[in-house]
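Notes follow in the order I looked things up.

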Amino acid sequence: MKPKIHALALGIGSLFLARCAPTAPPSSSGFGVMPGGGQVRTYTLKNANGMEADVINYGGIMTRLLVPDKKGQAGDVLLGFNDLKDYRTKSPYFGAIVGRYGNRIANGRFSLNGKQYKLATNNDPGGIPCSLHGGLKGFDKRLWKATPVSKSGQQGVRLDYTSADGEEGYPGNLQVTVHYWLTNQNTLRIEYEARSDKDTVINITNHNYYNLAGEGSSTINNHQLTINGGHITPVDAGLIPTGKLQAVAGTPFDFTTPHAIGERVNAKDTQLKYGLGYDHNWALNSSNGSMAKAAEVYEPTSGRVMEVWTTEPGLQFYGGNFLDGTLTGKSGRKYPYRSGLCLETQHFPDSPNQPNFPSTTLKAGTTYRSATEYRFKSR
């Protein structure tokens, strides 16, 4: 007589097999064609919980991120566009990989090994020129080689790009690899790796604009933010760090306990005046290169929570101060003032010109590695 197998046991066994079965690589579809004929494709990463992430090989841009809310309903939490032309001509770095050097370098100049390098100046806050996010044609505007990848419980896409010696003024032939992974633990993991044949400087990050209430929602001012950093790197009128650290205690920059983003953003504060709000780098409490929690964002209406974990020493919090309602997003709605936020894990801005900051020099033949995780849940 054959033994009876309980239905619950069958269910658990099926779940175990599903969890342990090899994960298929993500699917892809066409997204558009570059003016020179290069093909741009979308790679759709999925997990077992209804999360999805779309990544295109132009700029390594994440164009969509579906995240469940407290009712289990998945919604897109990223600002962005529906077509390639808008990303090419209008985008304020929506969802992109930025580099070689994310953030600003003063006057577009730095010295390395006794030689001065001149970069394009493509940004001028306060009328003071600087090089921003890699220059006129940084990593955000390049066509990357994309390869769908997978491992147990994770779908991903590998992106490769070689930045030639002298590109945008930077030294060295730099080989860059970026992995996006989506796990069944509702984690979006981004891994960065690079090698150069000459000493160079490097600071790569992702520039997703989040609104946890859902793409097209009016503001991020009600999002509750916590940042695990007791100091910022204060800036001058050109948004270039002064080289000092400034304690956040007693200022509108103290997010060591949760505060609504809009609670103090209009306070009378010189740093807020320079940034038109929050557009500053926090020196994180844990900066030894190991994965540590940098920040947490909670949106009360949806119940969505996003934790930011990183190996980087800094975090740029940008509150969407330059969004002005002129851009129309994926849902057909305008993106008004402060309708998206960025939490960019990084080394500090202008580090090549700031000897007291953690170094961004990559020595020839050595490997640059960095990792960041965006962990999602709800409450």
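**Charges over rings.** I started with arginine 375, which lies over the face of tryptophan 309, 3.9 Å from the ring centre. I then found arginine 379 over the face of tyrosine 298, this time at 4.0 Å from the ring centre. A reminder to myself: this is a predicted model, so every value here is computed from it.

**Ring pairs.** How many aromatic pairs are there? I get a count of 21 aromatic pairs. I picked tyrosine 210 and tyrosine 374: ring centres 5.6 Å apart, planes at 40 degrees. That angle falls between the 30 and 60 degree cut-offs, so I logged the pair as tilted. The two tyrosines come from distant parts of the chain, 164 residues apart. Tyrosine 210 is in the loop between strand E16 (205-206) and strand E17 (224-227), while tyrosine 374 is in strand E27 (residues 367-378). Are they buried or exposed? Tyrosine 210 is buried at a relative accessible area of 1%, and tyrosine 374 is buried with 1% as well.

Next I checked tryptophan 282 with phenylalanine 317. Their ring centres are 6.0 Å apart and the planes are at 50 degrees, so I called this pair tilted too. Tryptophan 282 belongs to strand E21 (residues 279-283) and phenylalanine 317 to strand E24 (residues 314-318), so the pair ties together parts that are 35 residues apart in sequence. Both tryptophan 282 and phenylalanine 317 are buried.

I also noted a cluster linked by ring pairs: Phe31, Phe81, Tyr87, Phe94, Tyr209, Tyr318, Phe322 and Tyr335.

**Cores.** Which residues touch the most other members of the largest nonpolar core? That core has 56 residues, and the answer is Leu65, Tyr180, Tyr210, Phe317, Leu343 and Phe376. Strand E13 (residues 174-183) gives the largest share of this core, five residues. There is a second, separate core of 18 residues, including Ile61, Tyr87, Ala96 and Tyr335.

I listed the contacts of phenylalanine 317, skipping neighbours within four places in sequence. Among them are Leu225, Ile227, Phe255, Ile261, Tyr278, Trp282, Leu341, Cys342 and Leu343. Asp279 and His280 are also in contact with phenylalanine 317.

**The sheet.** I traced nine strands in an open sheet, in the order E11-E12-E13-E14-E27-E23-E22-E17-E20, with antiparallel pairing. Which strands stand at the edges? Strand E11 (145-151) and strand E20 (259-260) do; each has a single partner strand, so one side of each is left without a neighbour in the sheet. I looked at E17 and strand E22 (residues 292-298) in more detail: they run antiparallel and are joined by four bridges. Isoleucine 227 stands opposite alanine 295 in E22.

**Two threonines.** Threonine 42 is in strand E2 (residues 39-46) and is buried, with a relative accessible area of 6%. Leaving out neighbours within four places in sequence, threonine 42 contacts Ser27, Ser28, Ser29, Phe31, Asp54, Val55 and Ile56. Threonine 63 is in strand E4 (residues 62-68) and counts as buried at 5% relative accessibility.

**Cysteines.** I looked for disulfides and found zero. Cysteine 130 is in no disulfide, and the nearest cysteine sulfur, that of cysteine 342, is 16 Å away. Cysteine 130 is buried at 0% relative accessibility, and cysteine 342 is buried with a relative accessible area of 0%.

Most residues other than glycine have a negative phi, and most peptide bonds are trans, so I noted the exceptions. The peptide bond from glycine 99 to arginine 100 is cis, with omega near 5 degrees. Arginine 100 sits in the loop between strand E6 (97-98) and strand E7 (104-106). Asparagine 107 has a positive phi, near 60 degrees. I placed asparagine 107 in the loop between E7 and strand E8 (109-112), where it is partly exposed at a relative accessible area of 44%. Glutamate 168 has a positive phi too, near 55 degrees, and lies in the loop between strand E12 (154-163) and E13.

Technical notes: Residues are numbered from 1 along each chain as its sequence is written. This is a predicted model: local features need pLDDT of at least 70, side-chain atom pairs count only at pLDDT 80 or more; totals for chains, interfaces and linings use all residues. Side-chain values use heavy atoms; hydrogens and water are left out. Buried means under 20% relative accessible area, exposed over 50%, partly exposed in between (1.4 Å probe, protein chains only). Contact means heavy atoms within 4.5 Å. A nonpolar core is a set of buried Ala, Val, Leu, Ile, Met, Phe, Trp, Tyr and Cys residues joined through side-chain atoms within 4.5 Å. Rings of Phe, Tyr and Trp (its six-membered ring) pair if their centres lie within 6.5 Å; planes under 30 degrees apart count as stacked, over 60 as edge-to-face and the rest as tilted. A charge sits over a ring if NZ of Lys or CZ of Arg is within 6 Å of the ring centre and within 35 degrees of the ring normal. Two strands pair if DSSP finds at least two bridges between them. A disulfide is a pair of cysteine sulfur atoms within 2.5 Å.
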